[in-house]
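User: I am new to this structure and would like to walk through it step by step. Could you show it to me and then take my questions?

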Amino acid sequence: MTDNAVEAATKVGEGAVATFFDACARDAFDEAVACFAEDGAWIVAEGPEPGTTYRRHQIRAYLVDLVKKREQLGDQGIELVLEPAVVLHDRQIIEFSLRNAAGDVLDRGVDLFTLRDGLILVKDVFRKA
């Protein structure tokens, strides 16, 4: 992740969501997983369910794979752009996009976080490629 992306990730969301993005930006996988409730889930847009659901015990491995993809995209000059969170009680909404060096949007989506007791219960990803 570029320095600008790391800086932006540290300003996204509140509480556990902000901590999650900060940990992800630093590749601190265990810290990122710790932001999820014991029964927490991350539902990605791709897969058969629709989407694929990763339970808390599966999230670390998924994050490791995401970092590999992030590094490949970075090598191609593609950057993740995170917008400021919209906070509504126990939910936080964060828009994101992947942009090339010219600033063109290649992919975009929304993360919908549902929190419980200060931890992420669900990270649900909605994406348009």
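This is a predicted model: local features need pLDDT of at least 70, side-chain atom pairs count only at pLDDT 80 or more; totals for chains, interfaces and linings use all residues.

User: What distance does α4 reach from its first C-alpha to its last?

Analyst: α4 has 20 residues, and at 1.5 Å a residue the expected value is 28 Å. The model comes close to that. After the helix comes G77, whose phi is positive, near 80 degrees. From first C-alpha to last, α4 reaches 29 Å.

User: Which residues does L63 touch, not counting those up to four places away in sequence?

Analyst: L63 is one of the buried residues of α4. It is also among the members of the largest nonpolar core that touch the most other members. Leaving out residues up to four places away in sequence, L63 touches C24, F29, A32, V33 and W42.

User: Which element gives the largest share of the largest nonpolar core?

Analyst: That core has 26 residues, and those touching the most other members are V17, F20, F21, W42, L63, F113 and I120. At least two residues each come from α2 (15–25), α3 (29–33), β1 (36–44), α4 (56–75), β5 (91–99), β6 (105–116) and β7 (119–128). The largest share, six residues, comes from α2.

User: How many disulfides are there?

Analyst: A disulfide needs two cysteine sulfur atoms within 2.5 Å. The sulfur of C35 has its closest cysteine sulfur in C24, 7.8 Å away, so the two are too far apart for a bond. The count of disulfides therefore comes to zero.

User: Is C24 buried or exposed?

Analyst: A residue counts as buried under 20% relative accessible area. C24 has a relative accessibility of 16%, so C24 is buried.

User: How many bridges join β5 and β6?

Analyst: Let's take the partners of β5 one by one. Strand β3 (residues 79–82) pairs with β5 in the antiparallel sense over four bridges, and L80 has L98 as its bridge partner there. Strand β4 (residues 86–88) also runs antiparallel to β5, with three bridges. Between β5 and β6, I93 is bridged to L112, and the antiparallel pairing has bridges numbering nine.

User: Which residue in the turn between β4 and β5 has a positive phi?

Analyst: On the strands themselves, L88 has R91 of β5 as its bridge partner. The hairpin of β4 and β5 has two residues between the strands, and the one with a positive phi, of about 55 degrees, is H89.

User: And in the hairpin of β5 and β6, which residue takes a positive phi?

Analyst: Here five residues lie between the strands. The phi in question is near 90 degrees, and the residue is G103.

User: Why is V110 called partly exposed?

Analyst: V110 lies in strand β6. Buried means under 20% relative accessible area and exposed means over 50%, so a value in between counts as partly exposed. V110 is partly exposed because its relative accessible area is 28%.

Conventions: Residues are numbered from 1 along each chain as its sequence is written. Side-chain values use heavy atoms; hydrogens and water are left out. A nonpolar core is a set of buried Ala, Val, Leu, Ile, Met, Phe, Trp, Tyr and Cys residues joined through side-chain atoms within 4.5 Å. Buried means under 20% relative accessible area, exposed over 50%, partly exposed in between (1.4 Å probe, protein chains only). Contact means heavy atoms within 4.5 Å. Two strands pair if DSSP finds at least two bridges between them. The expected span of a helix is 1.5 Å times one less than its number of residues.
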